[in-house]
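Colleague: I would like to go through the cavities, salt bridges, ligand surroundings and pockets of this model with you. Could we take them one at a time?

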Amino acid sequence: MSVVKEVFGKTSDGQNVEAFTFSNANGVKIKIINYGATIVSIEAPSRDGQLADVVLGFDDMDGYLSADNPYFGACCGRYANRIAKGRFSIDGVEYSLAANNGENALHGGLVGFDKKVWSAEIVGDSAVKMLLTSPDGDEGYPGTLKDEITYSLTDKNELRIGYVAETDKKTVLNLTNHSYFNLAGGGSHYDHIMQINADRYTVVDDTAIPTGELREVAGTEMDFRTPKAIGVEIAQAGEGYDHNYCINQLDEGELTLAAKVVEPTSGRTLECWTTEPGVQFYAGNFIGEVPGKGGQVYRDRHGFCLETQHYPDSPNQPDFPSTELAPGETYAQTCIYKFGIGE
Ligand code: GAL
């Protein structure tokens with residue numbers, strides 16, 4: 001294995017963006033750019049050995065910078081998902097964030113981690129480390145935050161994403177990767193067979209903010225404990241699946257299988273593992289019509305996300321697992337996307 005670095009493009013203010021490509025002996029090939037620490041492409045073989053690019057994205061920076069970009073492949077932070085009314089308090093001090101999703105704050109704000117140029121270094125022959133210092137007050141969040149994400153590819157076809165962060169003032173933090181997958185390489189994802197290892201999900205109001213209730217999935221369209229095609233009951237799930245599932249985790253922080261997906265025609269499979277308590281299954285309901293890689297046009301429900309994370313709006317939900325990070329503590333999180341071939 002080896003990592004190849006090349007120029008990808010420039011941001012609108014002239015910063016250089018680099019691409020890092022690594023592949024393994026099984027033909028899996030991954031490209032990541034340091035704009036938004038974004039996964040641009042993942043090529044994975046079918047049961048017949050055909051490679052297809054299984055994530056949505058763009059060929060160049062124009063796409064990533066466009067208003068059409070729905071966080072394709074990016075790292076969302078500081079707080080992935082929503083914070084109600086863009087407000088939270090720590091030790092009695094209230095912090096206020098930009099309302100960039102109706103009245104709520106979404107994915108870290110107007111210039112979230114998805115829109116920052118990270119510094120990047122190659123580590124060994126199969127990993128890239130992305131580094132970002134987010135200054136105190138960035139997008140309204142307290143504390144200088146030092147973030148590190150390491151992307152590595154193993155010979156077991158696992159893309160491992162390791163997150164580490166530290167702060168110099170108490171803050172909140174919830175990082176995720178926002179890749180949109182399509183294991184067929186294009187088109188609707190309705191035939192993908194999804195399994196999610198969760199008995200409960202966080203019920204939300206009509207602005208997608210949790211009410212605090214964790215509801216059993218049993219007997220509802222939300223139930224993916226046994227494998228089911230995504231399209232079968234999606235019409236019953238409001239605007240489509242866009243919910244945080246509470247992963248059945250034996251111990252807090254234990255690396256757990258959150259979801260498994262099979263695309264029956266190609267045989268490609270995806271396993272999603274995480275140390276986080278939640279996974280947002282987002283069915284790509286609001287993609288719209290986006291001109292993407294290689295002349296493809298992506299539409300609603302052409303890609304789905306499995307965003308491993310803490311629950312939405314945790315800073316305002318004292319009963320949810322905490323997203324606070326204090327000086328002296330280390331935030332650490334691992335997410336693994338493992339590509340395979342089903343029977
Ligand atoms: C998801 C979120 C969706 C939508 C999307 C971006 O993470 O759950 O509601 O905002 O990001 O378009």
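This is a predicted model: local features need pLDDT of at least 70, side-chain atom pairs count only at pLDDT 80 or more; totals for chains, interfaces and linings use all residues.

Colleague: Which residue forms a salt bridge with lysine 85, and how many residues apart in sequence are the parts that the pair ties together?

Modeller: The partner of lysine 85 is glutamate 103, with 3.8 Å between the closest N and O atoms. Lysine 85 counts as partly exposed at 48% relative accessibility, and glutamate 103 is likewise placed in the partly exposed class at 43%. Lysine 85 sits in the loop between β7 (82-83) and β8 (87-90), while glutamate 103 sits in the loop between β9 (93-96) and β10 (105-106), so the pair ties together parts whose separation in sequence is 18 residues.

Colleague: How far apart are the closest N and O atoms in the salt bridge of glutamate 213 with arginine 215?

Modeller: Glutamate 213 is partly exposed, with a relative accessible area of 34%, and arginine 215 is partly exposed as well, with 35%. In the salt bridge that glutamate 213 forms with arginine 215, the distance between the closest N and O atoms is 2.9 Å.

Colleague: Turning to the ligand, which side chain has a polar atom 2.5 Å from an oxygen atom of the ligand?

Modeller: The residues surrounding the ligand include Tyr71, Arg82, His107, His178, Asp242, Gln280 and Glu307. In the side chain of histidine 107, an N or O atom is 3.0 Å from an oxygen atom of the ligand, and for glutamine 280 a polar side-chain atom lies 3.3 Å from a ligand oxygen. The side chain with a polar atom at 2.5 Å from an oxygen atom of the ligand is that of aspartate 242.

Colleague: Which strand gives the largest share of the lining of the largest cavity?

Modeller: The structure holds two cavities of 30 Å³ or more, and the largest has a volume of about 40 Å³. Its lining includes Asn81, Arg82, Val204, Asp242, His243, Asn244 and Gln280, and by class the lining residues divide into three nonpolar, four polar and two charged. The largest share of this lining, three residues, comes from strand β21 (residues 242-247).

Colleague: How much space lies in the second largest cavity?

Modeller: Among the residues that line the second largest cavity are Gly77, Arg78, Phe113, Asp138, Glu139 and Tyr141. By class, this lining has three nonpolar, three polar and three charged residues. The space in the second largest cavity is about 30 Å³.

Colleague: What is the volume of the largest pocket, and which of its lining residues are closest to its centre?

Modeller: The largest pocket has a volume of about 510 Å³. Of the 23 residues that line this pocket, those closest to its centre are Glu252, Glu276, Pro277, His310 and Ser322.

Colleague: Which element gives the largest share of the lining of the second largest pocket?

Modeller: The second largest pocket holds about 340 Å³ of space, and of its 17 lining residues, Val204, Asp205, Ala208, Glu239 and Asp242 are the closest to its centre. The elements that give two or more residues to this lining are β18 and β21, and by class the lining has six nonpolar, five polar and six charged residues. The largest share of the lining, three residues, comes from β18.

Notes:
Residues are numbered from 1 along each chain as its sequence is written. Side-chain values use heavy atoms; hydrogens and water are left out. On a 1 Å grid over the protein atoms alone, a cavity is a set of points where a 1.4 Å probe fits but cannot get out, and a pocket is an open set with protein on both sides within 12 Å along at least five of seven lines; lining residues have an atom within 4 Å of a point. Grid points are joined across faces, edges and corners, and a volume is the space filled by probe spheres set on the points. Helices (H or I, at least four residues) and strands (E, at least two) are DSSP runs, numbered from the N terminus. Ala, Val, Leu, Ile, Met, Phe, Trp, Tyr, Cys and Pro count as nonpolar, Asp, Glu, Lys and Arg as charged, and the others, Gly among them, as polar. A salt bridge is a side-chain nitrogen of Lys or Arg within 4 Å of a carboxyl oxygen of Asp or Glu. Buried means under 20% relative accessible area, exposed over 50%, partly exposed in between (1.4 Å probe, protein chains only). A residue is near a molecule or strand if one of its heavy atoms lies within 4 Å of it. A polar contact is a pair of N or O atoms within 3.5 Å; within protein, one must be able to donate a hydrogen and the other to accept it, and residues adjacent in sequence count only if both atoms are side-chain atoms.
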